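Reader: Could you take me through part of this structure, please?

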Protein chains: 2
Amino acid sequence: MDKMCLATAAIAAGLALTVTALAVEDDVTLLKQAQEQFKQLPKDMATPDFPVTQDRVQLGRLLFFDPRLSVDANVSCATCHQPSLYGTDALPKSIGVRQRIQARNAPTVLNTALHFVNHWRGERESVEDQAARALTAPVSSGQPDEQAVIDRLESISGYAPLFEAAFPGEQHPVDVRNIGKAIGAYERTLVTPSPFDRYLAGDVNALSATARAGLEKFIQTGCAACHNGAGVGGHMYQKFGVVEDYWVATGSKDIDKGRAEITKDSADLYIFKVPSLRNVAMTAPYFHDGSVATLPEAVSFMARVQLGTKLNDGDTRDIVAFLESLTGDLPADFTTIPILPPAAVVAPK
Amino acid sequence: MDKMCLATAAIAAGLALTVTALAVEDDVTLLKQAQEQFKQLPKDMATPDFPVTQDRVQLGRLLFFDPRLSVDANVSCATCHQPSLYGTDALPKSIGVRQRIQARNAPTVLNTALHFVNHWRGERESVEDQAARALTAPVSSGQPDEQAVIDRLESISGYAPLFEAAFPGEQHPVDVRNIGKAIGAYERTLVTPSPFDRYLAGDVNALSATARAGLEKFIQTGCAACHNGAGVGGHMYQKFGVVEDYWVATGSKDIDKGRAEITKDSADLYIFKVPSLRNVAMTAPYFHDGSVATLPEAVSFMARVQLGTKLNDGDTRDIVAFLESLTGDLPADFTTIPILPPAAVVAPK
């Protein structure tokens, strides 16, 4: 190696060190930014109003998987929130009892108790409220009234002692409110920690370089203005179609007025709950109407419709890599199915 | 203690010893009888034609739990054969796609590959044949034709490499016959060893005294004439209603002509496959039409209708205790749900 060459090598090495140092500094800056915008998932999602007790979780888990709660005994919570599909059903809009179609896409049940309200339009206060009201909702479980739900449950003798244990001291523990509380308690355990949580805890290498680039673009493009917090979304309302009408970009056929139909306030036109992006890579299709089948398309549409930004393919790829780092480990209590108390559902003779 | 008393005690002790000795002798006799009539479950149910390879089982398990194979992407094998209900759905007759009702009760999928034929009327040769033909059956999966099944599977990119691994060297491995073979291979692993298998292996105390009394009555009453072998049934055809018409006893509303509808032979009138009694205590309701909700009723009806025997309550209770000893351990690959390759099912724009 001659002198010139040595000098060049020395400069190159110096540059490499500088680049590495800059990269490390950038990594630290990005991590700090991320820690300001997002939060690690909690261990469970109990609140003072909705405690997670072992008896409630055990009962709620059985109820979650029991199709016999529905009017024809063939639809359970797990029908639209299948463990094998990360708590969704891969459909634009779920098919409930008697081939009735839900009005909006079924979001995953995972981490959902984090959300500040439930349902796309915020018309359910909590996962408990959602579960209890689904039982007599015409499309979900389709029971004609609460008494029909109770009658069905009382025909399965194994349940009574479990309700007594989960709601001690109550005179009539088998009750729709308590079904909601038990299913809710179970859902409050369905937390899916992911590589992104390890990253937020300080392990920069928990995300690939591509995913980190995607995270940076996710923040810089403005996605994190709404998709933030522990849920990476789920914590506020937002208009869908800030810059242009969403149905133009997504090709949606039915125009959904969103929260305006609940509040009857025109200020709520096209307002929906910002969905959580936890496990988003596993829960296609996307948006309130399930109109978009793949994640790259969804990312590109959102940038255009919400932020007026045209992402190039590289940006989209990086952001998708970041979103894939939100795919978490499923709880064993979700992928392992409980054995239900046996009893046939037979029409009275 | 005076002499008289001592003598009495000695006689009593002698009697007790004799009774114990007789009981032990009876136990040995009963075990021998049982070993002649029944067999322990095998480790798996592979045959030379239908091998159980790891790649096939892995693929078949995914397909078994994937609702996207059905026409509306909302019915999987596990819809009617739910792990939480021991491979059944607790319904008299299952509800398939589009609220269509099956003609007969869905038997459990557990240990079913042991059966000499499949379906109540024997019109399916094997579990592979059943699985493959269910895909285009109007009530089960409801796909219009085989190409529709293949198109759906090919829209889920994660499947192609799994088919290639399971059927190496084949030019078009994604094929309805291979779907049947893969699901069949998985089903051939669904074996549920129970206390009765430990009993047959020689451990007399694996069954309670009541269950042993029930086993003895089960054999003596004549139940084992049809319900025998490893499946405790599933190995022959028999007329339902040997002594009197079954629909009188069970209150069945529709009279099912059974195998005669398949063979067009009047000798097959009311002939059905003898169902396996493995896990029968967990798989109510009973009979080809699911017309009977509880096991004691089913036992009592069968004795009356098939054997002309009126069982008293004690006999029925003992036989039920024996049947409960056929409740086995579920395989982990059945109660633990696999994560499916993600992909939305969205109608083309």
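**Helices of chain B**

Author: Asp129(B) lies in helix 4 of chain B; helices are DSSP runs of H or I with at least four residues, numbered from the N terminus. This is a predicted model, in which local features need pLDDT of at least 70, side-chain atom pairs count only at pLDDT 80 or more, and totals for chains, interfaces and linings use all residues. Residues are numbered from 1 along each chain as its sequence is written, chains are lettered from A and ligands numbered from 1 in the order in which they are written, and side-chain values use heavy atoms, with hydrogens and water left out.

Reader: Is Asp129(B) buried or exposed?

Author: Asp129(B) counts as buried because its relative accessibility is 17%; buried means under 20% relative accessible area with a 1.4 Å probe, protein chains only.

Reader: Which backbone nitrogen lies 2.8 Å from a polar atom of its side chain?

Author: That of Glu125(B).

Reader: Turning to helix 7 of chain B, how many of its residues are buried?

Author: Of its 12 residues, 10 are buried, among them Ile179(B), Ile183(B) and Tyr186(B). What covers the buried residues of helix 7 includes helix 2, helix 4 and helix 6 of chain B.

Reader: What caps its N-terminal end?

Author: Asp175(B) does, with a side-chain oxygen 3.0 Å from the backbone nitrogen of Arg177(B).

Reader: At what angle do helix 2 and helix 6 of chain B pack?

Author: They pack at about 145°, with their axes 8 Å apart; axes are lines fitted to C-alpha atoms over the stretch in contact (heavy atoms within 4.5 Å), and angles run from 0 to 180 degrees between N-to-C directions. Residues of this contact include Leu59(B) of helix 2 and Phe163(B) of helix 6.

Conventions:
Buried means under 20% relative accessible area, exposed over 50%, partly exposed in between (1.4 Å probe, protein chains only). Helices (H or I, at least four residues) and strands (E, at least two) are DSSP runs, numbered from the N terminus. A polar contact is a pair of N or O atoms within 3.5 Å; within protein, one must be able to donate a hydrogen and the other to accept it, and residues adjacent in sequence count only if both atoms are side-chain atoms.
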